[in-house]
Amino acid sequence: MKTVFEMKSDLSNLSQTVISVEETLKSIGAKSKDIKKAVLLTEEMLVLLGRNAAEGKNVNVTVSKILGGRTIDIASAGTELKEADISRTEMDLSMAYLPADAENAIRNMILLANKDMLSFSYKNGINRIHINVGEGAKKNLIYSLGAIGAAVVIGMILRLLVPQDINNAMNEYVFSVVKSIFLNAFNMIMAPLIFFSIAACISSFKDLKELGKIGGKIMTFYLCTTVMAILMGFLMFNVISPGNPGDFDFLQVKSSTVSDMDFSFRDTIINIVPPNLLSAFLDSNTLQLIFLAILVGTAAGRLGNRSEAVSAFLYDANELFLKVASMITRFLPLMIFSSVISMVLTMDADNAKSMLKLVATVIAADIGMLLFYILISIIIGKTKPSFFLKNAFPAWINAFALSSSSASMAYTMDVCDKRLGISPKIYSFSIPLGATVNMDGMTVMLSITTLFFARGFGIELSGADIISLIFTIIVLSVGAPGMPGSGLICMSVLFKQFGIPIEALSLVIGIYSMLDPLSTANNVMGDVTGTYVVAKKSGMVSKV
């Protein structure tokens, strides 16, 4: 089914075209929350193409439904429109406190968060923009879960029906090869991705005073919940105590031991500063990369007239390596399949039990964080738990289903507005910011998995190592790349820092796909809780 509309290049019938697209999407069964994002993107792309259109040429819009998928295709003749034309869309943080401009703040952040729904092309003088309506966020989860299911079934069949020698050969020459290639790719991209991601993030906040008093409260809340998430991970790890030394000897890799990593706290502090710029990248030294990123990002905002150009370079470099990482993670289902089937073929019952205990520990910590959010709403927000849970939990469920904080953003703000009665002056800033810097669920998983694999490989973490781990997780949670699989990239950073063999990543990839929806849901619940508590303390909530 296809429906075609035409918009004049002078934008005189822009509103009518957008309304027609919205009505068509409704008529072909698109979901309300998907329609909102798609219509917003369509309107912005129509404006851009209208400005770039050749004289006398109109813009064609085609809304299609094919095999259950819904798409919007926009085309017009004119000068080339590049993806960078929207990549630098920036949000003026001050506008989040002005009611008249709240819609613009929301618009800009949603555009940035949902760029992955767009694809661009320019051929024979014609710009073409393709918009996927509501499929991107769930597709990765479906593929990943499908890969896990297929790997378990096929692995069990091979283990039951095929001689072990043949299984070992397939694992060594097929599945292990795929895993090694993928892990090498992660190692390759890790250093530049972390550096430019954090540097670009820091450079966007040239002066924290710009955030204002309310923005400062929100940032403080997010930092406190991040620390709490780390402590919750530590607590549940010590209570449930998953894993034992020697659990992963079957991987036959050499891990670093305490003697290999015999650094004092003094040495740790000194080694944060690299002796030269290249060594941090060549050695993939996490703390040195973070130090350089913070230093460069801060300096970028202090260059006067050149500040914008340098910040733009950092942003473009971040976009470049995000794109490379995105290309790598497209093969994540294949990696998941290879990792899980390798686990089925090689793991014994005790190893499987340890991994299940790891899953239980992460889930317990996530539940602990949910209870913490409710407690915060009671103590600081002075709110009945039944009211908060009833009205905030739909945002949790939506984030769990989409497994993406960015894709959930529009609905999360809708929950803040209609169900919790929070002023748009607050949520138009706090929710987009939280989707970028507040990753409590991911923080829980990073802390537990790092401790788990350190124990499994017999690596003893000193007090200085624990302090370093906490600091690194906090910074990574703020600068985590906004893309599927970003948690795995952060995990690989931590493994590298603490001498955990990168091969351990292949063991966690399968369970990561199952736990990621829960982690994302907790990320969003933390955003909603912080938004509600700050709004309540500031007298900007209309419901009680």
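Biologist: Leaving aside neighbours within four places in sequence, which residues is I422 in contact with?

Modeller: Contact means heavy atoms within 4.5 Å. I422 is in contact with C416, D417, Y427, T531, Y532, A535, M540 and V541. Keep in mind that this is a predicted model, where local features need pLDDT of at least 70, side-chain atom pairs count only at pLDDT 80 or more, and totals for chains, interfaces and linings use all residues. Residues are numbered from 1 along each chain as its sequence is written, and side-chain values use heavy atoms, leaving out hydrogens and water.

Biologist: Which residues have the most contacts inside the largest nonpolar core?

Modeller: In soluble globular proteins, nonpolar side chains tend to be buried together. A nonpolar core is a set of buried (under 20% relative accessible area, 1.4 Å probe, protein chains only) Ala, Val, Leu, Ile, Met, Phe, Trp, Tyr and Cys residues joined through side-chain atoms within 4.5 Å. Here the largest has 125 residues, and M355, L420, I422, F453 and L505 have the most contacts inside it. Helix α20 gives the most to this core, with 17 residues.

Biologist: OK, so at what angle do α13 and α20 pack?

Modeller: Two packed helices are described by the angle between their axes and the distance between the axes. Axes are lines fitted to C-alpha atoms over the stretch in contact, and angles run from 0 to 180 degrees between N-to-C directions. Helices are DSSP runs (H or I, at least four residues), numbered from the N terminus. α13 (residues 349-379) and α20 pack at about 5 degrees, with axes 10 Å apart. They are therefore roughly parallel (under 35 degrees).

Technical notes:
Buried < 20%, exposed > 50% of the residue type's maximum accessible area, 1.4 Å probe, protein only. Helix = DSSP H or I, 4+ residues; strand = E, 2+ residues; numbered from the N terminus. Parallel < 35°, antiparallel > 145°, perpendicular 65-115°, else oblique.
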